[in-house]
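Here is a short tour for someone meeting this structure for the first time. Take a look at the model, and then we will go through its contacts topic by topic.

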Amino acid sequence: MAVDETQRTYDHPLYQHVERMPGLSVALGNIDQLLTWGSANSLWIFPMATSCCGIEFMAAAASAVDLDRMGSIPRGTPRQCDVMVVAGTITVKMAPRVKKLWEQMPEPKWCVAMGSCAISGDFYRDIYSVIPGIDTFIPVDVYVPGCPPNPEALMHGLLRLQEKIRMLREGKLTREELRPESPPNLNRPAIGRLHDPERDPLTSEEQTDSAAGLGFGDNLNLARIRRPRPTAEPRPQPGAEPQPAADSDEESAP
Amino acid sequence: MHSVTGVDPHLDIESYDPSADLMVLNLGPQHPSTHGVFRVKLYLDGEIIIKAVPYAGYLHRGVEKLCEELTFVQVIPIVDKNDYVSPMMNEQAIAMACEAMLGIEVPPRALYLRTIFAELQRLASHLLWLGTFGMDLGGALGGGASLFMYCFRERETVLGLFEEVTGCRFHYNTHAVGGNRHDITPRFTQDTKATLEVIEKRIDEYVEIFSSNGIYRDRTWGIGVLDGELASSLGITGPLARASGVDHDLRRDAPYHIYGELEVNVFTESAGDCFARTLVRLNEMRESIRIVREIIDSVPEGPILGMKPGKSPGHIKIDAGQGYSCLESPRGELGTYVIGGGNSRGASAYRLKIRSPSLHAASCIPYLFPGHTVSDAVAILGTLDPIMGEVDR
Amino acid sequence: MTRDEAQERFVALLQERFGVSEIPEGNYPLVDVAHHFELARALRDEFGYRIYSFVVASHYPAQLDAKNDNAVIDTEHYEVATGLRCIGAPAHLASWRVRVELDQSVPTLFPLFAGADWQEREQYDLVGVRFADHPDLRRLMMPEDWEGHPLRKDYAIETACPPWR
């Protein structure tokens with residue numbers, strides 16, 4: 001049975017940037033647009049899959065979600081890749097390797113922190129061998145929350161990364177705004193453990209606030225989600241010792 | 001030197017033939033075939049491995065230390081992340097250890113649910129293993145990726161069943177000390193039967209793919225032969241040991257849950273090579289399907305979370321004593337050793353050790369790798385199926 | 001043979017040949033460290049306990065009596081529990097504990113069970129108990145230059161490791 005295709009029309013997205021004239025097509029516009037179109041749609045992924053999130057990354061690369069359809073192909077070597085997806089807990093033993101692999105990737109490069117372990121260390125945050133978030137030693141562009149995030153969430157994160165790449169090229173955001181230094185109070189776990197009587201009830205709110213403002217500065221109006229703080233009584237401090245965060249000066253992250 | 005295999009895992013490389021063309025190759029810690037972060041330092045003579053030194057600990061998250069800090073209720077979502085391919089097994093292992101030490105009765109309905117979940121987890125875990133093993137042999141973009149795609153298609157349907165019950169794809173936190181938190185629905189029963197029907201047919205297809213593929217046979221036949229005696233001596237249990245002729249399965253030999261009432265067929269192979277390990281796992285998938293089918297219609301009515309009078313799930317305290325209980329996870333004997341009497345008068349463990357089958361499986365690498373080529377090493381590592389979260393904890 | 005019979009046989013073996021007088025309720029029997037290796041050998045060769053199941057070391061800090069001028073109730077020590085299992089039904093687990101002081105070491109089971117290699121390395125790494133005559137007693141989990149043993153009770157969970165955390 002023959003299929004009637006006379007009514008079918010398809011325009012490649014590139015033609016949006018092309019002026020058509022009879023007999024020839026001329027692309028008017030800057031080469032930057034072309035490069036942006038190219039780099040946003042061929043994000044080759046270097047899966048830095050260490051633990052549980054790696055399995056969900058595999059599920060995202062498999063048939064149900066299929067990252068390939070947006071041009072994202074997982075590759076085994078950092079030298080061919082544009083995006084490093086850090087999926088899983090990074091430990092003290094692994095961190096130097098991650099740093100090295102990140103440095104081996106050619107510019108322009110992006111980093112996606114997938115899952116709460118990569119974002120903040122999750123409940124392993126306080127443990128001697130775990131890095132409290134990879135943004136303490138490599139810059140992160142997109143945070144995909146979840147434990148582990150669904151494959152769809154990773155897909156969404158990559159779409160947001162594409163958006164970011166376009167914004168960068170179009171000059172809506174500068175590189176510094178897109179990838180700021182991580183806030184100093186996230187560099188080191190200074191939050192008391194749950195059953196610790198010394199734990200400040202306000203620390204969790206501070207953490208939420210700084211996480212909400214993370215990476216965007218004043219570009220996004222996040223003030224509306226900030227709750228009004230109750231004025232807390234200063235806790236009686238034995239010997240007026242400040243929080244353990246005070247010694248973070250000498251042990252600041254690289 | 002081990003008396004059976006003749007391989008010395010602590011071979012002094014200085015004493016090796018000085019005229020040989022030696023090379024050191026690092027497999028990992030970031031290598032697609034290690035399924036995580038695991039490093040094996042290979043000493044090569046030409047392309048033949050003469051010594052393999054594994055290095056673990058790249059994912060050491062201090063779970064055992066964390067378990068000493070948290071209460072027994074808080075521990076259960078933490079241990080989910082150890083064996084992240086079959087998370088429910090970890091929950092069950094901890095819950096069983098606490099129940100055995102406190103003498104808590106689990107209601108029959110919860111036992112049935114645990115058995116069904118355990119077998120479905122085994123199915124999902126073996127499906128993931130099969131897919132990634134195909135990818136290891138065939139390369140990420142080569143022909144092996146097709147098997148990966150097939151297996152993940154099936155795995156998604158199994159994960160969908162769990163999502164129906166618990167709301168999560170994995171890391172369920174559905175088992176508690178004394179029972180389960182989430183009850184199954186009639187739709188779950190219906191969907192499970194339909195899913196199993198599909199998967200059973202597909203397993204036959206995979207067997208066809210494997211057995212009719214000459215490349216696959218060449219790469220697994222006679223590769224990585226693990227001696228049964230060495231396997232027990234290393235503490236290896238589960239499909240790895242059964243492929244080497246060790247007729248041992250905790251579901252049959254030391255029944256827990258409701259396995260005592262069931263007939264569990266244990267498949268063994270005598271060859272002990274990569275091909276035998278594949279066959280054992282494929283047969284186990286079929287057996288899991290059979291067990292679930294057998295019991296899913298006879299789940300008794302009743303409560304799913306039962307505790308002794310006066311005890312609620314939030315007040316589990318083990319004051320003193322030590323205990324160990326274990327179950328048959330997809331990788332072997334997964335056990336929990338609990339020493340009671342930790343913080344807050346026993347609300348947390350003084351010491352909690354997770355006996356992980358993957359660590360034992362990984363410890364046979366120095367015995368299996370020597371004498372093989374680097375490409376065989378990838379095939380062997382694939383069939384060992386170590387889960388790094390469980391090796392390092 | 002049922003599991004209860006196997007347990008009775010194990011208890012009888014401990015009492016007759018290895019000088020264990022009492023089997024504690026809800027706990028595993030405590031064996032003198034001098035008998036540790038011999039007991040494992042007897043279980044493996046005479047009774048067929050061929051699966052090396054686990055080894056668990058735990059650290060106990062010194063207990064002082066605060067009311068009584070800090071008199072020493074119990075010195076700082078380690079306890080090492082070992083479990084062996086027999087193949088097939090009834091899959092009985094023979095488990096016992098040994099107690100060692102800080103400066104003592106436990107004889108390694110590596111000549112009997114190849115799996116003791118990694119398991120004892122792990123316990124040495126995390127707890128700090130030493131195994132005598134172990135062929136390769138290096139750290140397994142932590143980096144080679146790590147200081148301290150994380151699972152000891154005097155090791156704080158949030159110990160910093162500059163520059164990484």
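Let's start where chain C meets chain A: across this interface the rule finds 0 salt bridges, a salt bridge being a side-chain nitrogen of Lys or Arg within 4 Å of a carboxyl oxygen of Asp or Glu. This is a predicted model, in which local features need pLDDT of at least 70 and side-chain atom pairs count only at pLDDT 80 or more, while totals for chains, interfaces and linings use all residues. Residues are numbered from 1 along each chain as its sequence is written, chains are lettered from A and ligands numbered from 1 in the order in which they are written, and side-chain values use heavy atoms, with hydrogens and water left out.

**Chain C and chain A**

- Contact here means heavy atoms within 4.5 Å, and 15 residues of chain C touch 20 residues of chain A in this way.
- About 1,500 Å² is buried between chain C and chain A, with 69% coming from carbon and sulfur atoms; buried area is the accessible area (1.4 Å probe) that two parts lose on being put together, summed over both.
- Between these two chains there is 1 residue pair in polar contact, both residues at pLDDT 80 or more.
- A polar contact is a pair of N or O atoms within 3.5 Å; within protein, one must be able to donate a hydrogen and the other to accept it, and residues adjacent in sequence count only if both atoms are side-chain atoms.
- The side of chain C that touches chain A holds 12 nonpolar, 1 polar and 2 charged residues.
- In these classes, Ala, Val, Leu, Ile, Met, Phe, Trp, Tyr, Cys and Pro are nonpolar, Asp, Glu, Lys and Arg are charged, and the others, Gly among them, are polar.

**Chain B and chain C**

- Chain B brings 48 residues to this contact and chain C brings 52 residues.
- The two chains bury about 3,800 Å² between them, and 57% of that lies on carbon and sulfur atoms.
- How many salt bridges does the rule find across the interface of chain B and chain C? There are 5, including one between Lys353(B) and Glu122(C), whose closest N and O atoms are 3.4 Å apart.
- Helix H1 (residues 63-69) of chain B supplies the largest share of the chain B side, 5 residues; helices (H or I, at least four residues) and strands (E, at least two) are DSSP runs, numbered from the N terminus.
- That side of chain B is made up of 21 nonpolar, 14 polar and 13 charged residues.

**The two domains of chain B**

- Chain B is assigned domain 1 (13-55) and domain 2 (63-392), with bounds that come from an automatic or database domain assignment.
- The centres of the two domains, taken over C-alpha atoms, are 30 Å apart.
- Domain 1 gives 19 residues to the contact and domain 2 gives 17 residues.
- On the domain 1 side, S3(B) gives the most, with 6 residues.

**A hairpin in chain C**

- Strand S3 (residues 63-65) and strand S4 (residues 71-74) of chain C pair in the antiparallel sense over 3 bridges; two strands pair if DSSP finds at least two bridges between them.
- Gln63(C) has Asp74(C) in S4(C) as its bridge partner.
- The hairpin leaves 5 residues between S3(C) and S4(C), and in the turn Asp69(C) has a positive phi of about 60 degrees.
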